[in-house]
Amino acid sequence: MERKKKSVGIYIPTLNRVGKERQLSLKEFLSKSSHVPTLVCPKSEVKDHLKYHDKVLKCKKKGIGKVRQWILENAKEDVVILCDDDINFQFRPDEETTKLEQATDLDPMIKQCVRVIRKGYIHGGVSARQGNNHIKVSELDNKRNCNFHFLSRKKVLKTEARFDRLPVMEDFHFILSLLTQGFPNRIIYNYCWNQKPGSVGGCNTYRTLELQAEAAEGLKEAFPDFVTVVEKTNKTDWSIAKGTRKDVRVQWKKAYESSGGAK
């Protein structure tokens with residue numbers, strides 16, 4: 001019997017980045033994929049986004065975590081992809097090496113995300129470019145993930161994991177909640193995303209060093225066995241500051257192993 005095709009929805013939360021030239025992720029998908037993403041923004045920005053894109057949803061929630069949770073609860077598709085609005089994508093043309101080139105077709109990446117869900121995973125992501133060359137396989141489990149998430153919507157909603165537990169670093173809380181419940185994540189490494197640091201808009205609108213520190217300590221409090229709060233020095237301009245900030249070091253594999261195994 002032929003398996004039912006899973007519906008896929010790509011959602012791009014966006015804030016204070018009105019204008020087609022500022023919507024980097026949207027431009028990537030519109031030019032390199034058959035999937036048309038939906039922009040999710042405050043009511044005040046809907047009209048301006050509709051001038052160049054016809055799939056726009058208004059969301060009254062404030063803060064990336066609350067917006068992501070709202071998308072998860074209101075989407076209708078089987079597989080929900082949450083993608084930051086300021087990234088582009090690379091891929092490995094030769095699976096035998098970690099050398100990257102600019103992606104010209106994103107449909108294979110989306111199909112790979114769906115295949116992972118079909119294998120039984122309920123959450124996963126695509127690797128960041130930074131550190132991608134350290135992983136020589138195309139996929140790996142129980143690793144750090146941010147900026148690009150793919151989710152089996154109905155199954156995730158049945159768990160206790162939520163994106164709105166913290167004001168920032170909320171995705172780390174979400175992932176740890178799933179790992180400690182016995183749901184491994186699968187990260188794709190033969191594709192990756194890249195982001196220009198320090199761009200105006202998005203989380204930079206409200207994130208401060210104080211909020212960053214609060215989230216780091218909150219994550220440590222929620223998962224003390226797997227999270228260590230550290231001071232990090234920015235080698236390049238970061239979104240809110242040069243110099244040092246509070247951040248976290250997370251033992252992702254240990255968090256999953258604490259659950260006793262996959263569900």
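Here is a friendly conversation about how the descriptions of this predicted model are reached.

Me: What should I know about this model before we start?
Reply: It is a predicted model, in which local features need pLDDT of at least 70 and side-chain atom pairs count only at pLDDT 80 or more, while totals for chains, interfaces and linings use all residues. Residues are numbered from 1 along each chain as its sequence is written, and side-chain values use heavy atoms, with hydrogens and water left out.

Me: How many helices and strands are there, and what makes a run count as one?
Reply: The protein chain has eight helices and 12 strands. They are DSSP runs numbered from the N terminus: helices are H or I with at least four residues, and strands are E with at least two.

Me: What does the radius of gyration say about the protein chain?
Reply: The radius is taken over C-alpha atoms, and the globule rule is 2.2 Å times the number of residues to the power 0.38. For 263 residues a compact globule would come out near 18 Å, and the protein chain has 18 Å, so the two agree. Along the principal axes, the C-alpha atoms fill a box of roughly 50 × 45 × 40 Å.

Me: Why is N142 called buried?
Reply: Buried means under 20% relative accessible area, exposed means over 50%, and partly exposed is in between (1.4 Å probe, protein chains only). N142 has 9% relative accessibility, so N142 counts as buried. Its place is in the loop between β8 (139-141) and β9 (148-152). Phi of N142 is near 55 degrees, a positive value in a residue other than glycine.

Me: Why is N16 called partly exposed?
Reply: N16 has a relative accessible area of 37%, so N16 counts as partly exposed. N16 sits in the loop between β1 (8-13) and α1 (24-32), and its phi is positive too, near 60 degrees.

Me: How much of the protein chain is buried, and what makes helix α6 mostly covered?
Reply: Buried residues make up 50% of the 263 residues in the protein chain. In helix α6 (residues 170-180), 10 of the 11 residues are buried, including F172, F174, L176 and L179. G182, with a positive phi near 95 degrees, follows α6.

Me: How do you know that K119 and E139 form a salt bridge?
Reply: A salt bridge is a side-chain nitrogen of Lys or Arg within 4 Å of a carboxyl oxygen of Asp or Glu. The closest N and O atoms of K119 and E139 are 3.7 Å apart, and the pair forms a salt bridge. This pair links distant parts of the chain, 20 residues apart: K119 is in the loop between α4 (107-118) and β7 (123-128), and E139 is in strand β8. K119 counts as exposed because its relative accessibility is 55%, while E139 has 17% and is therefore buried.

Me: Which other salt bridge does E139 form?
Reply: The side chains of E139 and R186 meet in a salt bridge at 2.5 Å, N to O. E139 in strand β8 and R186 in strand β10 (residues 185-195) are 47 residues apart, so the pair also links distant parts of the chain. R186 has 15% relative accessibility and therefore counts as buried.

Me: Why does the pair of R186 and D141 tie together separate parts of the sequence?
Reply: R186 forms a salt bridge with D141, with the closest N and O atoms 2.4 Å apart. R186 lies in strand β10 and D141 in strand β8, so the pair ties together parts that are 45 residues apart in sequence. D141 has a relative accessible area of 26%, so D141 is partly exposed.

Me: How many salt bridges does a search of the whole structure find?
Reply: The search finds 15 salt bridges.

Me: Why is K155 called partly exposed, and where is K155?
Reply: K155 has 47% relative accessibility, so K155 counts as partly exposed. The place of K155 is in helix α5 (residues 153-157).

Me: Why is R118 called partly exposed?
Reply: R118 has 28% relative accessibility, so R118 counts as partly exposed. R118 lies in helix α4. The C-alpha atoms of R118 and K6 are separated by 8.9 Å, with the two residues 112 apart along the chain.
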